[in-house]
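Take a look at the aromatic rings in this model.

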Amino acid sequence: MASVRLLNGKASWRRSLGHVLVASLSSFLFGYHLGVVNETLESISIDLGFSGNTMAEGLVVSTCLGGGFVGSLFCGWIADGVGHRRGFQLCALPMIIGASMSATAKSLWGMLLGRLFVRTGMGLGSPLAALYVAEVSPAAVRGTFGSLTQIATCLGLMSSLFIGLPAKQMVGWWRICFWVSAIPAALLALFMEFCAESPHWLFKRGRSIEAEAAFGKLLGGIHVKPAMAELSKSDRGDESTTGKLSELLYGRYFRLTFIGCTLCALQQLSGINAVFYFSSAVFKSFGVPSDLANTCVGICNLLGSVLAMILMDRLGRKVLLLGSFFGMAVSMGLQVIAASSFASGSGAMYISVGGMLMFVLSFAVGAGPVPGLLLSEILPGKIRAKAMSICMAVHWVINFFVGLLFLRLLEQLGAQLLYTIFGSFCVMAVIFVKKNVLETKGKSLQEIEIALLPQQQN
């Protein structure tokens with residue numbers, strides 16, 4: 001086993017890097033559509049006639065996320081049915097259609113329908129990216145490669161904020177912002193044609209010769225036999241061994257599915273996407289220009305993601321998760337202080353802005369990149385795609401309600417109570433990770449599956 005791990009560790013990361021970068025276009029689009037309404041929402045609401053309606057503004061954000069739920073729910077069945085490469089190409093189609101519909105919308109309903117299409121495609125792409133990167137990466141750099149998807153998300157978010165800057169000065173500029181997103185979606189569909197299929201999926205379908213060819217393309221010829229030997233320890237190359245839905249919901253894989261769903265839920269209940277969606281409005285209340293605020297948020301997000309890439313395969317997944325959620329809890333504590341009577345004027349502004357930037361930085365170091373990577377590692381091959389679909393569906397449901405209700409809750413509960421609730425979920429996440437999360441650093445997917453097998457059978 002040690003020799004296999006050593007050999008996998010020496011597998012050239014350069015061979016698989018290009019495949020990972022192409023898959024990361026999906027994550028870039030995720031970040032882009034996450035932030036595209038941040039700078040443009042005011043212009044969109046004026047042009048489409050719903051300015052001042054906070055519920056309609058929330059719908060423009062959250063309907064996109066509702067589509068993500070639909071896409072992620074079917075992702076596992078699509079990935080198991082047609083493969084990862086074709087799955088990426090399928091997810092690009094609704095993204096292109098939805099971007100076109102949003103760019104040409106003449107009413108609120110037209111915008112909502114376009115956003116629904118976009119996120120349906122992204123709901124397919126987000127779990128696929130985590131699955132694909134985990135299954136094509138050498139074990140020694142899987143954490144680093146997994147962090148590349150988070151960096152791509154940051155770059156997408158920063159790109160949308162940068163492109164959206166002229167929206168308040170140029171009439172109709174927001175339409176250009178949506179048209180631009182069709183370009184990386186088209187590139188994803190095109191470049192994926194030249195990428196290797198997941199060897200794990202090919203082997204599970206009984207296509208061993210093609211799996212060997214894929215390993216050769218990803219790792220190099222001398223690593224094919226050890227990789228195939230290790231793969232055969234957990235997978236039998238029999239399509240009939242695909243896990244049933246009942247095994248995920250109340251059978252022997254329930255515990256792993258529960259861990260995954262809870263991690264996704266706590267990630268969103270921390271309030272991170274409320275920061276991304278409405279950071280402009282929050283900073284504006286303190287008199288901070290939105291373009292400056294969004295630039296600082298983007299830089300902190302990117303810096304944290306780079307740190308995660310450096311530390312992921314050194315410190316491990318669990319350490320980064322614990323430190324990340326703890327830092328987020330402290331940051332929300334600062335937000336509560338800023339909203340209280342103990343701080344006022346410029347002091348409250350500095351505490352609030354500093355706390356929000358610290359929150360984004362802490363999230364990007366662990367709570368952002370780790371859950372998707374960790375789930376793709378701890379879930380056994382036969383249920384990986386379907387279980388990821390369920391976990392990501394939970395992610396999108398909670399993301400939907402956070403985006404929909406944040407402004408309304410901020411009005412009704414006040415910042416102090418709302419941020420206290422978010423901070424409490426961060427503390428709960430620290431406790432949950434400490435008790436339930438397994439360290440996977442440096443282990444192959446097969447080693448992780450074998451290590452978890454006794455727990456699955458109990």
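Is W174 buried or exposed? This is a predicted model, and in it W174 has a relative accessible area of 0%, so W174 is buried. The cut-off for buried is under 20%. F178 falls below that cut-off too: its relative accessible area is 1%, so F178 is buried.

Now put the two residues on the chain. W174 and F178 both sit in helix α7, which spans residues 173-180. They are 4 residues apart, about one turn of the helix.

How are aromatic pairs described? A pair of rings is described by the distance of the centres and the angle of the planes. The structure holds 5 aromatic pairs.

Start with F88 and Y132. Their ring centres lie 5.7 Å apart. Their planes meet at 90 degrees, and planes over 60 degrees apart count as edge-to-face, so this pair is edge-to-face. The pair links distant parts of the chain. F88 belongs to helix α4 (residues 84-103), while Y132 belongs to helix α5 (residues 108-136). The two residues are 44 residues apart. F88 is buried, because its relative accessible area is 0%. Y132 also counts as buried, at 0% relative accessibility.

Return to W174 and F178. Here the ring centres are 6.2 Å apart. The planes stand at 85 degrees, so this pair is edge-to-face.

One more group remains. Which residues form one aromatic cluster with F254? The cluster is made up of F254, F258 and F432.

Notes
Residues numbered from 1 in each chain as written. Predicted model: local features only at pLDDT ≥ 70, side-chain atom pairs only at ≥ 80, totals over all residues. Heavy atoms only, no water. Phe/Tyr/Trp six-rings, centres within 6.5 Å; stacked < 30°, edge-to-face > 60°. Buried < 20%, exposed > 50% of the residue type's maximum accessible area, 1.4 Å probe, protein only.
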